[in-house]
Amino acid sequence: MNLTLKIWRQNGSSDKGRMVTYRVDDVSPDMSFLEMLDVLNERLILEGDDPVAFDHDCREGICGMCGMVINGVAHGEQKLTTTCQLHMRHFKDGDTITIEPWRAAAFPVVKDLVVDRSAFDRIIQAGGFVSVPTGSAPEAHSVPVPKADADAAFDAATCIGCGACVAACPNGSASLFTAAKITHLSLLPQGQPERESRARAMVEQMDAEGFGGCTNTGECTAVCPKGIPFDTIARMNADYLKAASK
Amino acid sequence: MKFRRRAQQQQEEETVSLPGMYRVGEPIQDTKAPDGPIEDRWDTRRFQAKLVNPVNKRKLTVIVVGTGLAGGSAAATLGELGYKVKSFCYQDSPRRAHSIAAQGGINAAKNYRGDGDSIYRLFYDTVKGGDYRARESNVYRLAQVSVNIIDQAVAQGVPFAREYGGLLDTRSFGGTQVSRTFYARGQTGQQLLLGAYQALERQVAAGNVEVFTRHEMLELIVSGGRARGVVVRDMVTGEIETHLADAVVLASGGYGNVFYLSTNAKGCNTTAIWRAHKKGAYFGNPCYTQIHPTCIPQSGDHQSKLTLMSESLRNDGRVWVPKRKGDNRAPGDIPEDERDYYLERIYPAFGNLVPRDIASRAAKNVCDEGRGVGPGGLGVYLDFADAIRRMGREAVEKKYGNLFEMYERITGENPYEVPMRIYPAVHYTMGGLWVDYDLQSTIPGLFVIGEANFSDHGANRLGASALMQGLADGYFVLPTTIGDYLAGATSFGPVEEDDVAEARKAVQDKIDKLLSVNGNRTADSFHRELGRIMWDYCGMERTEESLRKALERIPELREEFWNNVKVPGDAEGLNQALERAGRVADFFELAELMCIDALHRTESCGGHFRAESQDADGEALRDDENFAYVAAWEWTPEGPVLHKEELNYEYVKMTQRSYK
């Protein structure tokens, strides 16, 4: 199939940026979206043009490195799918596809479709862990965990930190990302001692990074490639309120 | 003693048989593993190891390159111990490292099932699984610390699968007869890595670790005979930076991407360990690669990477191809008696559950016969029709639903209705930089951990053992052994400016050269061609003829690369094409060493199958008389020099594997 791509090009964070139109011909329906961009980039290199910069690594939907807004939707319209796992068979010959970076105040553009998501690391630094130095752990079976709690914790822990939730949110909020970690750890007995301090510190860091507040729009969950449940945000708020009221 | 004599005989023969390709140097020994009963050796070494005073730790800097299970856990633990740690990764966050993609699980000798598991049994299984090409002392220690890893991960909040009573669930894996694999659905690597990542970020917050993301190590700084730092490129600004330290730890992962197509992440590369190799670190067993039998086949020339499907699928799926060559009918139209369930036919005892290397080679053989299915005839069917009839669709969905979904997302085919197509793919590299029992390379002060080293898996890694080794190295082994080295840091002296300048110049020269060629081919197109050569001639089956062909083609292609590659733009900012070109340049050199290693090892062992060395039934035949050693290669401008580390088995009896 032959496609028209409208891609956001921006040479560094101080550049204003613009949409540039490219044609890509002979796209196979079996290609992944990123492989289609590889084809474009190979051609741009040979033509002496600057290839389109985009982040990617594992290309199997788990590292969280890739992510672009495709036709206005973070990671594209395919549900529960990262950009790297989106395949061209979901498009038609003659389609025009717009491709933009995550847009959020807290995710400055580095180049083209590459953004700086280091704010997520700083939110984890604020408290997204259990303080257990290596070698100090008790025997694993000394603390049983009800299966339902372990499963629910796992569901929250599957967040890949891609940032689609932020890109989709009209407020540019990182609530789903932050809540996923808070929920994961607060559901487990190992997370209890630091539960309140964690919630407070992580929420405060999230605000300090310039992410917006949550207004229960739910766009985050809709685009999340791992289906992180919306009610994690309620859990985060509960933990935060409890901590803040002390 | 017996082996030493044989090794010497072999040396003489080889110097004659492969003239000009390499030289044989002095044998090498692991001088750090203590003697005595194997179960006491790690305790002995820990007690012998010198300690660093807590006050002095704060004055010592350790560089850790890579943030996967090994690098992330090491950086976190070294930070906790009080060292000043600088951690580097090429991704935008340490959490992205490719350990995250490991699906299956992590082995540990907890014996929670009471099914007869023990540290000794895990040790035994791992040595045997490695086809008797790993060190006993290292593997025993690995089995010992495996139990501590599970404790540590659980305490961090890693949400392992649990049973209704609240205790940890385990499953059996990879042909072992005990249930010792701990898992977190199909995302065990992700959950363990996030545990290490969170521990690392905790140390960042505490001010003990500084993480440099989007920084790629391009050169090692060696001064006064010791590893003293790295030269890195800030991939966003393009700036070349120097970072000095008292010790350097490489945890930069495997080199499977030398084959271009592999299950590795796109960014995985050999540059860090290859630069260290050229600075004096010996490379151990470079030809040992693991080819995983159940991957989704290539769909066309555009293919950029391959995706693994969990091996567990072979528990219920039946592998087959048409009996007739070039049979193009849809699978459903091929009647039962015209199908060849070749694994069940050739290996009636193990059937579809033969080990990875055997299943992979059998698939290659039927495809070579022209009976492969799907695009290019490079695939075999993995059919669940019988399982669905037997168990019902619902039961199959419960067991494999997420894998079926993943398959459908990538191929557009519904495996409930048409059989899956699978094909082997490069998955893991057992080879890596040579290290002693302390995980120290032949350059003092350069430590190598995780997949980047050669150590614990011998010639073949068992399922669920990579996560175990990465975390054993990073959490428990390295933090102890590096102290013994750093205790002498007061005598290291200053880093010579000339040594830094030389390393920086090497980096700058290479970048300038890559940008100046301005030819007609992209780095990716060279990488694809190199990968094809490696896959065809140094892949699942190797022969003297194929390897010699590869050794002709690789230097030719490398020369063309340096004369005809086109790298756009400049080095001043983010330039992903430049990053890729630099990695491909190093893959070329590594590829050649891999082929030389594969050529010199005329036996078959584990993942290394030399067609000339097989028994009457076509199975891999080891040659313990001549090859029970680690091949540790030294880089010299005149060509590689082979140093042999003899392997002695005091506890495990060497036998030939059989799965019929």
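The model is predicted; local features need pLDDT of at least 70, side-chain atom pairs count only at pLDDT 80 or more, and totals for chains, interfaces and linings use all residues. Residues are numbered from 1 along each chain as its sequence is written, while chains are lettered from A and ligands numbered from 1 in the order in which they are written.

B:Met540 lies in the loop between helix H15 (523-537) and helix H16 (544-564) of chain B. Helices (H or I, at least four residues) and strands (E, at least two) are DSSP runs, numbered from the N terminus. B:Met540 counts as buried because it has 22 C-beta neighbours inside 10 Å. The cut-offs are 20 or more other C-beta atoms within 10 Å for buried, 12 or fewer for exposed, and partly exposed in between, with C-beta atoms placed from the backbone. B:Pro424 is 116 residues from B:Met540 in sequence, yet their C-alpha atoms are 8.8 Å apart.

Buried in H16(B) are B:Ser546, B:Leu547, B:Ala550, B:Ile554 and B:Phe561. These residues are on the same side of H16(B), because they cover an arc of only 80° around the axis (arc: that of the directions from the helix axis to the C-beta atoms). They pack against H15 and helix H17 (576-600) of chain B. The face turned away from the buried side of H16(B) carries exposed B:Glu545, B:Glu556, B:Glu559 and B:Asn563.

Chain B is divided into domain 1 (1-30 + 628-652), domain 2 (35-288 + 430-491) and domain 3 (293-424), with bounds from an automatic or database domain assignment. The centres of domains 2 and 3 of chain B, taken over C-alpha atoms, are 34 Å apart. Between these domains, 10 residues of domain 2 are in contact with 14 residues of domain 3. The domain 2 side has 1 nonpolar, 8 polar and 1 charged residue. Ala, Val, Leu, Ile, Met, Phe, Trp, Tyr, Cys and Pro count as nonpolar, Asp, Glu, Lys and Arg as charged, and the others, Gly among them, as polar.

Between the chains, 66 residues of chain A are in contact with 62 residues of chain B. The largest share of the chain A side, 7 residues, comes from H1(A). By class, that side has 32 nonpolar, 19 polar and 15 charged residues.

Key. Contact = placed C-beta atoms within 7 Å.
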